[in-house]
Amino acid sequence: MNKNKERLQLLLDGGIPDVPPHWELVFQIPKEMFGIDAEVVANGQYDSEAARLEAMAQCHMEIYWRLIEECNWAAVPPPNPYNAKSVAQMKKALGEHALIPGYDGYGVFWMPTGSDIMDFVVKIFERPDELQQEARQKCDNCKELLQQMADAGADFFILTYDFGFNDAPFISPKHFREFVTPYLTEIVQKVHDLGKLAILHSDGCLTEILDQIYSTGVDGYQSVDPQGGMDIKAVREAYPEWLLMGNVSCSLLQETNDLEIRKAVNYCMTHGGMGKRYIFSTSNCIYAGMPAESYKIMLDEYRNMVNQQLSTLSGAKKLGSLDVSHLES
């Protein structure tokens with residue numbers, strides 16, 4: 001049995017586990033961590049498209065098992081976490097051994113890119129009614145998707161809305177209150193009506209709008225981005241009961257500095273953290289290009305702290321690779 005899955009479920013049920021569980025929103029270094037090259041599998045020679053898809057599915061499943069067994073993941077996102085069919089397939093394959101989240105990335109306005117930025121700003125000031133209509137449509141579409149993913153078996157939801165630059169929100173608090181907060185509140189209420197919880201993912205500096213985000217009733221906040229000046233100690237002090245996830249700086253993990261990585265893990269686990277409503281993770285995800293050694297150091301220090309806590313609490317056995325040898329692969 002995956003103890004971290006049980007710990008995460010306890011958090012989602014409103015409790016506090018003995019130690020924080022761990023998982024990541026995205027994992028993009030299977031070759032570096034496990035020697036599994038998904039790109040080679042995808043581009044291989046096959047007799048049919050069906051054979052190629054089957055090989056890719058087996059490859060992904062091997063990666064997910066390794067994440068559960070060797071990295072102690074409590075949840076695993078589907079190959080396409082924004083798709084209800086993908087959620088259903090993952091739930092059937094691994095639902096007994098890890099929680100399966102569903103994602104949404106379109107339900108509200110968040111940081112536009114490229115040429116969309118100018119059009120968005122013009123609408124805020126010159127065509128606000130048009131922007132409100134767009135916001136309504138996005139929200140309604142999201143609620144339909146959430147229903148589909150809940151029906152497919154999603155255990156909880158991740159709302160991937162990047163609201164912040166490194167030094168400020170993408171729009172003013174006034175405009176955020178007008179064009180985002182009401183619709184985010186509706187989305188969170190829909191999640192709760194489905195009997196699920198929602199965790200918001202956002203990079204960047206959210207200090208000026210964090211009170212609005214919290215007021216929507218969203219159950220958790222992932223990233224707590226150090227590059228955006230977000231300090232998990234300060235956020236924890238301001239919102240002591242909020243489910244927090246993250247704060248181990250991804251920029252720090254770009255360099256393999258053993259001491260600094262361990263210090264960051266200690267800070268997050270202490271203030272996030274032990275005896276609190278916290279999920280251990282990076283401030284974003286395990287992205288392509290991150291040195292595998294950095295993630296291994298991060299995991300090693302996490303396990304050291306978990307083992308110390310478990311020993312202190314009850315002399316429990318150390319957390320290591322989970323024994324799933326009795327399970328069918």
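Phenylalanine 170 has a relative accessibility of 11% and therefore counts as buried in this predicted model, since the limit for that class is under 20%. Phenylalanine 163, at 0% relative accessibility, likewise counts as buried. The ring centres of phenylalanine 163 and phenylalanine 170 lie 6.3 Å apart and the planes meet at 15 degrees, so this pair is stacked; planes under 30 degrees apart fall into that category. Both residues belong to one aromatic cluster, which is formed by Phe109, Phe120, Tyr161, Phe163, Phe170 and Phe176.

One member of that cluster, Phe120, also takes part in a contact between helices, namely that of α6 with α7. Helix α6 (residues 116-126) packs against helix α7 (residues 128-152) at an angle of about 115 degrees, and the axes are 6 Å apart. On the α6 side, the contact involves Phe120, Lys123, Ile124, Phe125 and Glu126, while α7 contributes Pro128, Glu130, Leu131 and Glu134. Five of the residues in this contact are nonpolar and four are charged, with no polar ones.

The structure holds 15 aromatic pairs. In one of them, phenylalanine 27 and tyrosine 295 have ring centres 6.5 Å apart and planes at 55 degrees, so the pair is tilted. Because phenylalanine 27 lies in the loop between α1 (3-12) and α2 (30-34), and tyrosine 295 in helix α14 (residues 292-314), the pair ties together parts that are 268 residues apart in sequence. Phenylalanine 27 and tyrosine 295 are both buried.

Terms used:
Residues are numbered from 1 along each chain as its sequence is written. This is a predicted model: local features need pLDDT of at least 70, side-chain atom pairs count only at pLDDT 80 or more; totals for chains, interfaces and linings use all residues. Side-chain values use heavy atoms; hydrogens and water are left out. Rings of Phe, Tyr and Trp (its six-membered ring) pair if their centres lie within 6.5 Å; planes under 30 degrees apart count as stacked, over 60 as edge-to-face and the rest as tilted. Helices (H or I, at least four residues) and strands (E, at least two) are DSSP runs, numbered from the N terminus. Buried means under 20% relative accessible area, exposed over 50%, partly exposed in between (1.4 Å probe, protein chains only). Axes are lines fitted to C-alpha atoms, for helices over the stretch in contact, and angles run from 0 to 180 degrees between N-to-C directions. Contact means heavy atoms within 4.5 Å. Ala, Val, Leu, Ile, Met, Phe, Trp, Tyr, Cys and Pro count as nonpolar, Asp, Glu, Lys and Arg as charged, and the others, Gly among them, as polar.
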